[in-house]
Each structure stands twice: as structure tokens, then as C-alpha cells.
Amino acid sequence: MADAAVEFLLDNLKQLVVYNAKLINNVRGEVDGLIKDLPLLKAIIEVSTETGREDDVVKALVSRIRDVTFEAEDVIDAYMVVATTQKRKKWLQKLFGGIDHASKLREVAKNVQTIKEEVDKMNNYQMLREALQRRDPARRRRMERRRPDVEKDNVVGFDKAAAKLIDRLTGKTEDLQVISIIGMGGLGKTTLANKVYNDPKVSHEFSTLAWIYVSPTYSKEKLFLSILKDVIQVTSDMSNMGEDELAEEVCRQLTWKYLVIVDDVWEKKDWDSIKKAFPDHKNGSRILLTTRFRHVAVHADQRSPPYELDFLTDDQSWVLLQKKVFDGGDCPQEDLKDDQVNLPPAHVGYIPDEFKLLRVYHIQPISFPRFPSEIEQLVHLTYVAFSGDFKTIPAAVSNLSNLQTLIAETSSRSTRTIDIKADIWKMFKLRHLHTNKPSQLHDPVAKKTKDRDNEPLPPSPLQTLATITPQSCTEGVLGQTPCLKKLGICGKLATLREEKGGSLFDNLTTLEQLVTLKLLNDVFPEPPSESKLQRLPQCHKFPPNLKRLTLADTFLEWEQMHVLGMLPKLEELKLKDNAFTGVRWRLVDGDFQKLKALQIWKTDLVYLEAKADHFPSLQHFVLKDCTRLWEIPSSLGNVKTLQTIKLHQTSRTAADSARKIKLQRQESKVYNGLKVDIFPSDL
């Protein structure tokens, strides 16, 4: 795990240089030195790992590398907190502030340099290799179960979770199982896995245990070698093997009942690339996998439901708060009043040092009377979710340079839009912005440099904007978000179609990665029918790779459906309340060739005229509150791909037609398996 810690630190340092160059001007030389020296230290760890031997000299050296790595990470995190705070202070305060952390970072850099100099004296690793070779070649290395770099002293709320996972791991099923722990970053997946990994019952149950850390960037060769070193004496020939040979070797050597922790898997292809190394000997072996994503867990083993890591309960959160803020002691009873907590005066008005390295800030169940501006001090935050009575996202949020996800829900009934005053275009890690009211975005402002007055900003990595106002769909905003995959637009949609040297809707064409689009017509306090969308843009004006589209309250005529039918990659279409209006919808040949799911909610539609050829790929058909629709065309029963028909509060005749389609399919004995769900069932 030490080499993973060094690699993690290296990644952090490189991101520091890219995203926070100005903040580290004072220690740039030290940071650059660490980036230069750390790969050498990582290589030393890998050499000792791959040989599977531990000489006292090498063991001591690796231990020192590990210690200085963790020290460097802590010092850098603390330095970033101080540097960000200093940035907002006056020059005199800056002069006397932050000196301590800068000096600590310089000391760490010196320690790394000292270790490097000692390695240089080994004459290009000759002394290291000789020390390793002095060990008995026949002696097998006992597996050292190192604890990963996780929270050790303040583990709260994992006892029941660990017990459940251990029961599943030690169950009677003899087939190889992949049991996954899922949850967003920062919830403690690795901490829980580590608790399970070090449980005596697990040690007794499994003959072989190993831990591999995958992460977004990984080497299959190193992963396989990491497993092998825990099973056998790794030879130099094995160290020179390719990934396929190593996978076969792992598969040959995992003969006894084994447990492998596969930590931090990001994509399905990551699991697919290593699963071949894990044999199924029908002896109860297990894989414990951690991932942020449910689809990855399900893909790894569809038969094994993933364990979803929840947030701490109120009681568990209180215990953790006592450990962090009150040094493990109890909060005085006089500070408790019914359902609220009054912190002692010493803790009011600032964030405790223990919390300044916080990565996840999820307090959405609590509604604040104002925007929690204190979070701007938590510069390491990657995930923020909160609720409160506010109308703006203040500019101070721009200081959260590590933020990847921002979820903000206003409880203000009078607020129709949320003004984003934060400069999200300079938040170079922000991927997802979710608001429960439409956000008003502002065009990016070109940055000024010494050489150029208007240097364009790099493209934003934003992937989700849900939702924004139609007025935000400018060339400046959408042109800055080429990575956007999900977009919601809520407001007066007619604004998108206004022609003033080109409509705002035209700017959506540039979103080549967009796959999900929601168009919600909201003109409150006026009824949406008073400001309905007269017509849709031509199909080539839509994002070229659009797969999922939702419309609501647009009151379009059914003839406009032909435009949507021509979208070449459309797979899912949701027509929510009053998306289309009119008595008759007549399908056009050649439309909706790839449509897999169609939902129609609350419409005055009476006659639907369609043939099986109109929906050749349709799998799911849903009708909700379509009380005037007479029937579902019987020809839809001939759609080979159709799997479900769901009706909710429709006419009795429409329900009867759905039952007839199901009966028709059953009698044909060709397209069995159609499910028809009708509510209420007595329709």
C-alpha cells in the first residue's frame, strides 16, 4: 500500500501545480522537487515489493519513505488551507501568516532529498539488490496485511455494516462471489473494507488474503504482481512477465480459499480487465470490491446485490462530532436543547481544525436560514450538498478549487431562479452542478495576463447542469462546456426560439457529448398554455448525440413529433404533463427507429395511429393520466422488442386494449414475456 500512497501524493502534487500554481508560489521549488524525487522512492518500494523479500536495510528505507509520504500529504493539505485563507487577507497579515506551514513543507522536501541522497550512495541500487539477494531464496514471504491509509482512530458507524459483510463473505455459497461496497467518495468504503479485512474471523476463514488498489489510473502488471507477492515468492522472471502471463500465473497460484480486496474501481472495463485472474474453484473464495458506482458493482456480479454505504445516523454523527470537536469527551448537557446543539463558546464562529481537511460536506437534510458561507474555508471539499433559504451562490464559493459536485436546494418560495455569482469557469475540477430552481449563469470573463489582456479560459470540465434558465444558454456559456452530458433548461422556453441574430437554441448544437436534455416550460405565475412553444427547432439544431429527451408544459402540436422522430440516436422520450396537445397523433414512416422507451403523461390525446414499423426498437411504453386516449394500437403487439406496457389512470378502453395486446402475444407463442401493469387494476 506504500507505493499507492506515494502515487496518490504524486497525483495531488501534479494537480496542485496545474490548478493552484499561484497559491504555491512561495514553495514552488519544494513542490517541484517532490514531484521530481518521489518517482524514485516509489520505484524503490516496487523493487522490494516485486522481489517479495525484506532486508532490514530495505525495510527501514521503505518505512521511512512511507512515513515521509504521509507527512508530506498532511503538510500540503494544511498548507493549502492556510494559503487559501491568506489569499483573502491584507498584505501585513500575509507577511506573518502561513510561515509555519511553508517551513514544514520545506522540511519535508529536505527529508525526501536526504532519502534520495542515501539511495544515490547505493550505486544505482546495487547495495539494495545485494541486500535483497542475501535472503534465503527458498524462504517464502509471509503476507503482511498492511492497513490502507484510512481513518483509524475515529471509525464510527461501521460495526453493523462490517458484521453484515463478514456474514456474506463467510457464507455457505461455494461459487466465487464478488461482493461490492458502493457509495460516493468520502463515505468510508475503504475504511469499511479495511475493518472487514482485519477482522479475525476473516483471517481464520480465508487461507489467502490480498489487497489491490485500482483507482482511475492503474497498471494491470503491478496489480497482478501485488497479488502474487502475497501468495508466492516472486521471481525475476515473473517481474518481467506481461499482463496476460501474470494473470495466468495469479490464476494458477490462487488455489486455496482466497479473499481479494479490489479497492476503488471506477469503470466496468477496469473490472473486466482483471477478473480473468480470479479462478472459481468452488471453494467459497470471495472478491470484496469498492466503487462509487452501482452499475460497476452490478456488472461485476449480477447475482450479488451490492452493499450500499449510507450516511451516518444522527446518533452516529453526534458520536463522531464528540470525538472530533470534544476530543472524545461528552458535550456538556447544558449545551443540549431539545433538537439543537449549542457548541461551547470556544467552538462558535469558526470551523475546528479537525474539519478543515474535510472532503465531503453533505448536510442536505438540514435547512439553513442563509447560505453556509463558512464552507469557503474548507478548501479541500470535493462534494457539497446543502439546503437553505438563499437566492444566490456567492462568489466566495469560487475559492473551493477542488470542488467536483455542488448540490444546492433553496427553500425560498419566492425564489424563481438562483443567481450563480461564483465564477464556476475558474473552478477547473467542477463536474456537476445541481439546483432545484433554475440557475442563472453568466458568461465567462477572459482572464488578463501580463502578455495578453483577454486570454481565453480553458474549457470547463462540467458534465451536468441541472437546471439552468433559457437566458443562460448563450454562446459564451454553452461554448465553454464542451464536456456537458446532462442539461436541464427550465423557464420560458419561447426565449430559446427568439431570433435575434440566431436563436439561443442554436448554441445547443455545439454540445457534441450531450446525451440527456430536459426542456421544462415554466412561466409562473402565468399558466404555461399562455406561453406555449409554437414549434420545435429543426432536428439538426439538437445536440447530435442526444439519447434521452424530456419535455413538459410545452403544449406543442402532435405534428411536431416528426422533428423528434428524426433525431438519429434518440432512445428515451418522456412527454410529461402537457408536452403535446391535440386529439390525434399520426406516426410518420421512418421515425423513432432507435427509440426504446416512450412515456406520455397527462394529455388530451384521443387517437394514436401507429404500426409496429414505427417503433421497431421499442421496449417500454408508459401512459399516465391519459384519460381521453381511446386505445393502444393493437399493432404494437407485433413489436418484437416490446417488454412492458404500464398504464396509470387511463381510460377503461385503453386498459382493455393493453390486455388484448398481452393476450395476443401469449397466443402467438412467439413474443412471450410481455408484462402489462395497469393501475388501478379494475380499470
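Analyst: Trp-630 is placed in the loop that runs between β24 (620–624) and β25 (644–648). The model is a predicted one, and the description below should be read accordingly. Together with Val-583 and Tyr-607, Trp-630 makes a nonpolar surface patch of about 310 Å².

A loop residue with another setting is Phe-390, which lies between β9 (383–388) and β10 (392–393). The relative accessible area of Phe-390 is 5%, so this residue is buried, the limit being under 20%. Outside the four places on either side in sequence, Phe-390 is in contact with Phe-371, Ala-408, Glu-409, Thr-410, Ser-412, Thr-415 and Ile-418.

In soluble globular proteins, nonpolar side chains tend to be buried together. The largest nonpolar core here has 88 residues, and the members that touch the most others are Ile-393, Leu-549, Leu-564, Leu-573, Trp-585 and Phe-621. Helix α19 (residues 652–668) is the element that gives the most to this core, contributing 4 residues. Setting aside residues up to four places away in sequence, Leu-573 touches Leu-549, Leu-551, Met-561, Leu-564, Phe-592, Leu-595, Ala-597, Leu-598 and Gln-599. Another core, of 30 residues, lies apart from the largest one and includes Ala-210, Val-250, Val-260 and Val-262.

For the chain as a whole, 19 helices and 26 strands are assigned. Of its 683 residues, 46% count as buried. Among contacts between residues at least 6 apart in sequence, 64% join residues that are at least 24 apart. The accessible surface of the chain comes to about 34500 Å², and carbon and sulfur atoms account for 49% of it.

Finally, the confidence of the prediction. The mean pLDDT of the chain is 80, with 69% of residues reaching 70 or more. Over residues 131–149 the pLDDT is below 50, and this stretch has 44 contacts in the model beyond near neighbours in sequence. Residues 333–348 also have a pLDDT below 50, with 13 contacts in the model beyond near neighbours in sequence.

Notes. Residues numbered from 1 in each chain as written. Heavy atoms only, no water. pLDDT = per-residue confidence, 0-100. Contact = heavy atoms within 4.5 Å. Core = buried A, V, L, I, M, F, W, Y, C linked by side-chain atoms within 4.5 Å. Buried < 20%, exposed > 50% of the residue type's maximum accessible area, 1.4 Å probe, protein only. Helix = DSSP H or I, 4+ residues; strand = E, 2+ residues; numbered from the N terminus. Areas by Shrake-Rupley, 256 points an atom, 1.4 Å probe, with all protein chains shown as cover. Patch = residues over 30% accessible without salt bridge, like charges linked within 9 Å, V, L, I, M, F, W, Y side chains within 5 Å. Salt bridge = Lys/Arg side-chain N within 4 Å of Asp/Glu carboxyl O.
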